[in-house]
Amino acid sequence: MQDTSKQYDAVIDACKSLFVKKMGDYGSAWRILRLPSLTDQIFIKAQRIRSLQQNDVRKVDEGEVSEFIGIINYCIMALIQLEKGVVEQPDMSTEEAIKLYTEQAAITKKLMEDKNHDYGEAWRDMRVSSLTDLILQKLLRVKTIENNKGKTIVSEGIDANYQDMINYAVFALIHLNEELSQDLRLP
């Protein structure tokens with residue numbers, strides 16, 4: 001589990017680094033996005049990953065790594081929106097956004113550690129394509145919950161699904177890094 005913790009932190013650090021750079025470029029414009037809009041952004045990225053995995057020809061020079069990073073960052077934005085609510089105008093400093101990002105990442109990592117303990121790191125024997133499919137399944141669940149105005153009868157809520165998507169994307173990036181035998185490269 002020690003390697004997993006270090007690998008997890010390295011992925012999140014790379015994702016946070018990109019998040020901070022984008023905050024410098026765009027500010028907190030993402031704060032106006034409603035949850036269904038964030039869900040759709042994540043869906044687009046997951047669909048592109050699946051397409052890349054299924055098709056031999058790529059017409060845009062960005063691979064799976066940048067899309068998985070996008071999934072992680074959009075999911076963390078969604079978790080922040082769940083906590084803080086949506087606003088009409090960007091309202092968050094980079095410092096506050098980093099603080100909230102770090103808090104959500106830590107909560108999500110703790111969930112991963114708990115599940116990883118119970119499941120015995122089963123994800124290490126999974127394919128990246130299976131992790132992609134699980135992300136897409138979680139997205140379809142979130143869309144259904146959103147269409148039901150956030151109500152569930154017996155299932156976990158939207159936040160747990162976003163957290164699972166983050167963890168699946170982190171696992172996929174760990175696998176991809178191991179396949180490439182290199183440190184995570186930001187787009």
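This is a predicted model: local features need pLDDT of at least 70, side-chain atom pairs count only at pLDDT 80 or more; totals for chains, interfaces and linings use all residues.
Which element gives the largest share of the lining of the largest pocket? I looked, and helix 3 does, with seven residues.

Numbering runs from 1 along each chain as its sequence is written, and side-chain values use heavy atoms, without hydrogens and water.

Terms: a pocket is an open set of points on a 1 Å grid over the protein atoms alone, where a 1.4 Å probe fits, with protein on both sides within 12 Å along at least five of seven lines; lining residues have an atom within 4 Å of a point. Helices are DSSP runs (H or I, at least four residues), numbered from the N terminus.

I find 19 lining residues, with Lys22, Tyr26, Lys45, Tyr74 and Met77 nearest the centre. Helix 1 (2-26) and helix 3 (64-84) are the elements giving two or more of them.

Second largest pocket: this one comes to about 310 Å³. Its lining has 15 residues, and Lys115, Tyr119, Trp123, Tyr168 and Phe171 sit closest to its centre.

Helix pair: I then checked helix 3 against helix 6, which pack at about 155° with axes 9 Å apart (lines fitted to C-alpha atoms over the stretch in contact, angles from 0 to 180 degrees between N-to-C directions; contact is heavy atoms within 4.5 Å). So the two helices are roughly antiparallel (over 145 degrees).

Notes
Grid points are joined across faces, edges and corners, and a volume is the space filled by probe spheres set on the points. Angles under 35 degrees count as roughly parallel, over 145 as roughly antiparallel, 65 to 115 as roughly perpendicular and the rest as oblique.
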